[in-house]
Amino acid sequence: MGQDADNQLPSISTNLSTEEIKDRLAKLSKRGKLAGYEGTCADGLASVAAHGTPFDSKLVLKHHDGEVSFELRLMAMMPRVFAAILIVTIWPGLPLTEGFLDSFVWYSDFVASTGIETWYWYLPLTILPAPFAFKGAIKKSKLTAYESAIETIEKLEKVLASK
C-alpha cells in the first residue's frame, strides 16, 4: 500500500552512483543509524523500516536519473494477524459473557421474561465496531509510519544529497 496523495514523500537529488548509495546506506546501518535496512529489495534499491503504531511499514528507496525517491508500504503481515484476531476473538467471548451473566439471577429472569438471548445483543455489539477498529489502526499506522519516513529521509539527505 502506498502513501496518500496528500502525504507525498520528498526525494533527494544526488550525484552518487547506485553502488555508492548502497555503500553509504550499509555504513549507516552498521553504525546502527538505519533501522531495518535491507540492501536487497525486489521493488527498489534498498529498504528501511518506517516505524508505525500499531503496524510498521517499509520505506523503499529507488534511484533513477540522479534522484533517490521513496515509497512507503505498509507491511501486510501484522494487519492480517490483527484482523484474524478480531474475527477469532468474537465468538469465544459469547459463551464467556453468557456464562458470566447467567450467574446473576436478574439476568436469567430478564432472559426468561423478554426472550432476548445474549447473542442478540452481543454479536452486533462486537462485530459492528470491528471494521472501524481495523480501519482506525491502519490509518494511524500510515500516519505514524509517514512521520518516521520523513525523519529517515532527513537523515539520509545529509548522507546522499549533492553538495
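Tutor: Angles between helices run from 0 to 180 degrees, taken between N-to-C directions. Keep that in mind for this predicted model.

Student: At what angle do the axes of helix H2 and helix H5 cross?

Tutor: H2 spans residues 77-102 and H5 spans residues 130-160. Their axes come within 10 Å and cross at roughly 160°.

Student: Why is H2 called roughly antiparallel to H5?

Tutor: Angles over 145 degrees count as roughly antiparallel. The crossing is at roughly 160°. So H2 is roughly antiparallel to H5. The crossing is right-handed.

Student: Which residues make the contact?

Tutor: H2 brings Pro-79, Phe-82, Ala-83 and Leu-86. From H5 come Ala-130, Ala-133, Phe-134, Ala-137 and Ile-138.

Student: What classes of residue are in the contact of H2 with H5?

Tutor: Ala, Leu, Ile, Phe and Pro are among those that count as nonpolar. The contact has nine nonpolar residues, no polar and no charged ones.

Student: Now the sheet. What is the order of its strands?

Tutor: The sheet is open, with four strands in the order E1-E4-E3-E2. The pairing is antiparallel.

Student: Why do E1 and E2 stand at the edges?

Tutor: Strand E1 (12-13) and strand E2 (46-50) each have a single partner strand, so one side of each lacks a neighbour in the sheet.

Student: How do you know that E2 pairs with E3?

Tutor: Two strands pair if there are at least two bridges between them. Five bridges join E2 to E3 (residues 57-64), so by that cut-off they pair. In one of the bridges, the partner of Ser-47 is Val-60 in E3.

Student: Which strands does H5 touch?

Tutor: H5 packs on the sheet and touches E1, E2, E3 and E4 (67-74). The direction of H5 makes about 155° with that of E4.

Notes
Residues numbered from 1 in each chain as written. Predicted model: local features only at pLDDT ≥ 70, side-chain atom pairs only at ≥ 80, totals over all residues. Heavy atoms only, no water. Helix = DSSP H or I, 4+ residues; strand = E, 2+ residues; numbered from the N terminus. Parallel < 35°, antiparallel > 145°, perpendicular 65-115°, else oblique. Left-handed = near helix turned anticlockwise from the far one by under 90°. Contact = heavy atoms within 4.5 Å.
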